[in-house]
Amino acid sequence: MAGKKQISPELKVASTDGEPVKPEKDRKFVEALSRGLDVLRAFSQGPVILGNQDIARITGLPKPTVSRMTYTLTKLGYLSYNTQLEKYQLSSGVLALGYAYVSNLKVRQLAKPYMDEFARQTNMSIGLTCRDRLHMIYVENRLPPEASLLRMDIGLKLPMATTSAGRAYYCAISDKARLVIDDAMAAKYGKDWPEKKAGLDQAMKDYKEHGFCLSTGEWDRNINSAGVPIHLQDGTIMALTCAAPSYLVPAEKLRGSIAHQLAMLAGDIESLGV
């Protein structure tokens with residue numbers, strides 16, 4: 001008898017309610033819909049153009065299932081088919097969904113002038129991020145005048161474990177939700193998990209003592225960044241993060257003054273009542 005199919009660590013933490021996703025125990029969970037969305041998400045984990053075989057490899061779904069999903073998603077306008085390459089790519093239907101989310105983020109609109117002023121004063125890039133499973137995604141990024149470094153496009157994904165944005169989110173959630181994420185990260189990173197966990201534990205210490213988290217070379221050895229959580233009125237937790245090349249903003253300067261300014265800015269944004 002075939003063994004029970006294991007869901008991916010990323011899928012286990014897809015929800016933001018702090019509860020692990022358990023399709024096998026949830027009668028309301030529509031697995032066919034989940035598979036279709038997994039096909040769409042495959043395009044964020046590999047090349048922009050994928051064939052059915054590529055998607056099957058990324059998702060772990062049977063190729064016949066993938067073929068039906070890509071056909072349906074193409075009919076619905078979420079994928080388009082390249083006849084020359086005989087492969088698929090995301091279509092405008094997906095863009096419409098993403099734009100609807102970003103354009104309706106009230107905090108994004110209200111925070112922009114505050115973020116612009118911070119970027120001007122510190123000469124650092126500053127971004128607003130939200131969680132997507134075990135990653136953080138940029139929904140806004142502001143740069144200082146005449147700066148061309150560290151331009152983070154909206155939609156860019158960052159790993160939660162090693163970035164200041166991810167660590168800030170991790171520190172702000174409940175103990176219960178944090179344990180769910182720990183379990184998923186342990187499964188994802190395997191033998192590398194103890195090192196990742198050590199960085200997260202240090203972030204927790206920094207957050208409890210100073211109100212911010214740091215990433216000084218862990219995500220990119222040439223980049224130093226600080227992150228703080230933002231609590232929205234509807235219960236959503238986002239993260240505000242600032243970053244710069246380490247030769248421009250050494251870790252000592254980031255920890256000594258700039259990260260504290262970022263924490264104060266987060267408080268100002270929360271006070272807007274978003």
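Trainee: Which residues are buried in H7?
Mentor: In this predicted model, the buried residues of H7 are Ser164, Ala165, Gly166, Arg167, Ala168, Tyr169, Tyr170, Cys171 and Ala172.

Trainee: And how many of the residues of helix H7 is that?
Mentor: Nine of the nine residues of helix H7, which spans 164-172, are buried, and the helix is accordingly described as mostly covered.

Trainee: Switching to the sheet, what is the order of the strands?
Mentor: Six strands make up an open sheet, arranged as E5-E4-E3-E8-E7-E6, and their pairing is antiparallel. Strand E5 (157-159) and strand E6 (213-216) are at the edges, where each has a single partner strand, so one side of each has no neighbour in the sheet. From one strand to the next, the twist averages 35 degrees.

Trainee: What holds paired strands together in general?
Mentor: Strands of a sheet pair through backbone hydrogen bonds, in either a parallel or an antiparallel manner.

Trainee: How many bridges join E4 to E5?
Mentor: Strand E4, residues 135-142, is joined to E5 by three bridges, and the two strands run antiparallel.

Trainee: What does the side chain of serine 215 reach?
Mentor: The side chain of serine 215 reaches the backbone oxygen of threonine 162, at a distance of 2.7 Å.

Trainee: New topic: where is aspartate 234 found?
Mentor: Aspartate 234 sits in the loop that runs between strand E7 (223-231) and strand E8 (237-245). Aspartate 234 is exposed, with a relative accessible area of 62%, and its side chain makes a polar contact of 2.9 Å with the side chain of threonine 236.

Trainee: How far apart are aspartate 234 and valine 274 in space?
Mentor: Their C-alpha atoms are 8.3 Å apart, although aspartate 234 and valine 274 are separated by 40 residues in sequence.

Trainee: Last one: which residues make the nonpolar surface patch?
Mentor: Val30, Leu33 and Leu37 make that patch, which has an area of about 280 Å². Valine 30 is placed in the loop between helix H1 (9-12) and helix H2 (31-41).

Technical notes: Residues are numbered from 1 along each chain as its sequence is written. This is a predicted model: local features need pLDDT of at least 70, side-chain atom pairs count only at pLDDT 80 or more; totals for chains, interfaces and linings use all residues. Side-chain values use heavy atoms; hydrogens and water are left out. Patches are made of residues with over 30% relative accessible area and no salt bridge: like charges are joined within 9 Å, nonpolar side chains (Val, Leu, Ile, Met, Phe, Trp, Tyr) within 5 Å. Accessible areas come from the Shrake-Rupley method with a 1.4 Å probe; for residues, only the protein chains shown count as cover. A salt bridge is a side-chain nitrogen of Lys or Arg within 4 Å of a carboxyl oxygen of Asp or Glu. Helices (H or I, at least four residues) and strands (E, at least two) are DSSP runs, numbered from the N terminus. Buried means under 20% relative accessible area, exposed over 50%, partly exposed in between (1.4 Å probe, protein chains only). A polar contact is a pair of N or O atoms within 3.5 Å; within protein, one must be able to donate a hydrogen and the other to accept it, and residues adjacent in sequence count only if both atoms are side-chain atoms. Two strands pair if DSSP finds at least two bridges between them. Axes are lines fitted to C-alpha atoms, for helices over the stretch in contact, and angles run from 0 to 180 degrees between N-to-C directions.
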